[in-house]
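Here is a friendly briefing to keep beside the viewer as you look around. Have the sequence and the 3D view open, and follow the topics in any order you like.

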Amino acid sequence: MPIPEKTPGWLERRLPVMSVLRREYIAFPMPRNLNALWSFGAFLIVTMAAMIASGLFLAINYTPDITQAFASVEAIDRQIPSGWFLRSLHMGGVTMLFACLYIHIARSLWYGSYKAPRELLWLTGLGLMLMVMVTAFAGYVLPWGQMSYWGATVVLNAVHTIPLIGKPVSELLLGGETLGNTALHRLFVLHFTMAFAILAVIALHVAALHVVKPNNPSGIDPVSPKQTLPFHPYYTSRDGFALCLFLMVYAGLVFFLPDLLTLADNYVQANPLVTPRDIRPEWYFAPFYAILRAVPSRLGGLLLAVGSLAVLFALPSLDRSPTRPATRRPLVRLSLPLAFVSFILLGIAGMHPPTETWLIVSRVAMAWWFIHFLVVMPLVSEREITS
Amino acid sequence: MTQSETPPPPGGTKRRDLLTTATVTLGCAGACALAVPFLNSLKNSAATTLSDRTLEVDLSSLAPGQDMTVQWQDWPIFIQRRTPQMLAALQTPGHIATLRDADSKMLQQPKDATNWHRSVRADYGVLVGICTHLGCVPSFEKPGSAPEAEGGYFCPCHGSHFDAAGRVAQRAPAPYNLPVPPVTFLSDTKIRIGHSAGDPGFSMSDIQQI
Amino acid sequence: MSRLLRDLVLTSLASLLTALPACASTPAQRGLIVFQQVCAACHGMDHVDYGDMAAFGLSPDAIRTWAADQQIPNGTDDNGAPKTRAATPADPILSPYPNDAVGRLANHGLLPPDLSRLAMTLHGGPAQIQRILLSYAPTPAGVKLDDGRYYNTALKWKHIGMPPPLQDGMLTYPDGTKATTTQMATDVSAFLNDVAHPHAAERRRIGVYVLTYLALMAILTFLLQRRIWKSRP
């Protein structure tokens, strides 16, 4: 059914939202062969919406004051009508957000979505990951439990040791000698502000996607309209189905396993005189925590933990091969899964006490992570035979 | 993309339409249901029963012509000890003619305060100090400073004017007299605010407006 | 002194029988009775309101009666001395001690912990609470314990600051269940577990509806997308 040539309407002549929507979200040409891994971007948008909505309603009932923060969170869990649901949605949302984020990034690594012309798409995405990490850290401090307090103490002290910028940044966040009321208030504002800053960068990320068009499992961009499908109804319906499955996992976490990934010690109010014996990071920070512990040097550990992310930023220039998907690069097809395994092993190690075995596992895994990105990728792109 | 709309197999259209309608309808219903807990959380969770709290006030230090303010149920309560001059001023016909509701016809007080002095005992006045216009707290002008009304309440926000018995003046924007709380005299110099011996069924939630 | 205080509060609590649920039946509901009559003598639940006990089948009247018997701080009087007032259902179930210092003084220097989240934060959870309550034993010969410490095999160091709180038949359950030490320990740990996980039953109940709805939506969207993809050019 060809769209009849109509004279543009009143709204269209002033603000062409309808035609932009039609062009970008209905007729937008998508590759025909996207697989389920391409749905994780949609999951991230939905989770982010859930985080912002639940976060706003939580903030209505939260008090950023060290004498009342813990009690206000308890009141949300117990007395505020439906407060338990909003809080679980927010806490479960962090897990879903990071899980989708890591899978989304792994997908880009596997199918080479970071290569020209999508470098800026990749970099805005990594920027989003860093922003989500800062937001998650600041948000975790807000309930002012034991884990909040000691996690924040350790992180802020770590930031303090960074040469040059560390001291001013940690002083800016702390606003005083020790972690106290000023810091809590600042981290609350940081958490709140970052959430909306993330929205803005998501807009950039999506805009970049609509300029360079999505990558696809073959790594070869479609050239003719015959090789594409319109976004609606094909990918809207498929994402809708995927979203239902995703929401079932999310709901399972919220309604049936609310304590699965929370640390019980955070239900004890912060006490600056006692560090909990069993101090652990949340699972999504565990890989970086494992690196921090595996290096027998404070600055060295910090640099390697930051470096493990920095190599991702440098990836478009480390991997010069024009071939995108790992499936068509025999060596990368071996090396990259090992890097994924290394990341997971680091995560598991970070959740365990630093025994000799786990230290060795962490060091081997960390070594492979860096070897893959800094040695394998540049060398392979020089002299590989792609299929 | 126009090719994508090539005729679907006959019979399929109807099923797809039904399926699409069902999915979209159910999806929207789910989204609406999701809004419920969010709005629910905005409800006032602390539905405290304030009305059964009472406050006892000792009036022995209050000299004639003096006034004091106490807090009851988050409201300022004005207590004044009236002089014979003040009581006389409340009854002058010239003054009464300037009032909106001189006979307290509006339910703004318990039955035992529905009288010309709007209090249980004429020599003590007890009023909720919240202007019936838009909720500011009026200030008490001592008898000497406001000769025409022998003392009264003036609201700083929009100039509403009440006499010493809390009756509102016609020239002011406030629509009703100041509310009178339920009061019981336990002795000559001690009152209990929150319960009225003369009108036990009275509740502050029944009055026209605070 | 702790004994004295405890006995004093215990006897005053005995008069509370009117505030009990008429027909307690689940372990958690019986556990609430144990809390009211035994635990509350030394422990509070700072973050839990009297009104929250409606989750354990306590009627609004029973909650009001129970709360009205408890005094909570209410500012200071004209001379600056602390005042109290009767609690309402919206007030927290505070510890019987006016402050931590008094709590320590009454208990050989150890503050009885708050019970709001104990079943969650105590290593071992509700099972460990039950184990502690049932693992008191006479101090073996040769073991010297400090004043105010009691021999208890459930703990790593084999002693605890809490005197054995439960005795067979120390209270009467309205539903006729025999109040043995084991029964009370089981009931009160079930109660504390529910207190540490507020709205758990409601959470699961709503969760079933949500999952059913999402499963239905998944089937519909699956059929829809299959149909759409089959007809692609």
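Let's begin with one histidine: leaving out residues up to four places away in sequence, A:His90 touches A:Met51, A:Ser54, A:Gly55 and A:Leu58. Please keep in mind that this is a predicted model.

**The annotated histidines of chain A**

- A:His90 sits in helix H5 of chain A.
- A:His90 counts as buried because 20 other C-beta atoms lie within 10 Å, and 20 or more is the cut-off for that class.
- An unreviewed UniProt entry gives the feature "binding site" at A:His90 and A:His191.
- These two positions span 102 residues in sequence, yet no two of their C-alpha atoms are more than 12.9 Å apart, so they gather at one spot.
- A:His191 belongs to helix H9 (residues 181-212) of chain A.
- Is A:His191 buried or exposed? With 21 C-beta neighbours inside 10 Å, A:His191 is buried.
- Setting aside neighbours within four places in sequence, the contacts of A:His191 are A:Thr135, A:Ala138, A:Gly139 and A:Leu142.

**Two domains in chain A**

- Chain A splits into domain 1 (23-276) and domain 2 (280-387).
- Taken over C-alpha atoms, the centres of domain 1 and domain 2 of chain A are 22 Å apart.
- Domain 1 of chain A gives 24 residues to the contact, and domain 2 of chain A gives 19 residues.
- On the domain 1 side of chain A, helix H5 (83-110), helix H6 (119-141) and helix H7 (146-161) each supply at least two residues.
- H6(A) has the largest share of that side, with six residues.
- Sorted by class, the side of domain 1 of chain A that touches domain 2 of chain A holds 16 nonpolar, six polar and two charged residues.

**Nonpolar cores**

- The largest nonpolar core has 110 residues, and A:Leu97 and C:Leu192 have the most contacts inside it.
- Which element gives the largest share of this core? That is helix H10 (residues 231-255) of chain A, with 13 residues.
- Apart from this core lies another, of 25 residues, including A:Leu121, A:Phe285, A:Tyr289 and A:Met377.
- Not counting residues up to four places away in sequence, C:Leu192 touches C:Gly31, C:Leu115, C:Leu118, C:Ala119, C:Pro126 and C:Ile129.

**Chain C and its side facing chain A**

- Chain C is divided into domain 1 (2-198) and domain 2 (201-233), and their centres, taken over C-alpha atoms, are 46 Å apart.
- The UniProt annotation "domain: Cytochrome c", from an unreviewed entry, covers residues 26-196 of chain C.
- Residues 26-196 of chain C are 33% helix and 13% strand, with 17 Å between the end C-alpha atoms.
- UniProt, again in an unreviewed entry, places a "transmembrane region" at residues 206-224 of chain C.
- Over residues 206-224, chain C is 100% helix and 0% strand, and the end C-alpha atoms lie 27 Å apart.
- How many residues of chain C are in contact with chain A? There are 27 residues of chain C in contact with 25 residues of chain A.
- Strand S1 (45-49), helix H5 (118-121) and helix H8 (200-230) of chain C each give two or more residues to the side that touches chain A.
- H8(C) gives the largest share of that side, 16 residues.
- By class, the side of chain C that touches chain A divides into 14 nonpolar, seven polar and six charged residues.

**Chain B and its hairpin**

- Chain B has three helices and nine strands, and from the N terminus on its elements run α-β-β-β-α-α-β-β-β-β-β-β.
- Of the 210 residues of chain B, 29% count as buried.
- Among contacts in chain B between residues at least 6 apart in sequence, 58% join residues at least 24 apart.
- Strand S2 (residues 67-72) and strand S3 (residues 75-81) of chain B pair in the antiparallel sense over six bridges, and B:Asp67 stands opposite B:Gln80 in S3(B).
- S2(B) and S3(B) form a hairpin with two residues between them, and B:Gln73 in the turn has a positive phi of about 55 degrees.
- B:Val70 is in strand S2 of chain B, and B:Val70 counts as partly exposed because it has 16 C-beta neighbours inside 10 Å.
- Not counting residues up to four places away in sequence, B:Val70 touches B:Leu55, B:Val57, B:Ile77 and B:Ile79.

Note on methods. Residues are numbered from 1 along each chain as its sequence is written. Chains are lettered from A and ligands numbered from 1 in the order in which they are written. This is a predicted model: local features need pLDDT of at least 70, side-chain atom pairs count only at pLDDT 80 or more; totals for chains, interfaces and linings use all residues. UniProt positions are given in the numbering used here, feature names are shortened, and annotations may be inferred rather than shown by experiment. Helices (H or I, at least four residues) and strands (E, at least two) are DSSP runs, numbered from the N terminus. A residue is buried if 20 or more other C-beta atoms lie within 10 Å of its own, exposed if 12 or fewer, and partly exposed in between; C-beta atoms are placed from the backbone. Two residues are in contact if their C-beta atoms, placed from the backbone, lie within 7 Å. Ala, Val, Leu, Ile, Met, Phe, Trp, Tyr, Cys and Pro count as nonpolar, Asp, Glu, Lys and Arg as charged, and the others, Gly among them, as polar. Domain bounds come from an automatic or database domain assignment. Two strands pair if DSSP finds at least two bridges between them. A nonpolar core is a set of buried Ala, Val, Leu, Ile, Met, Phe, Trp, Tyr and Cys residues joined through C-beta atoms within 7 Å.
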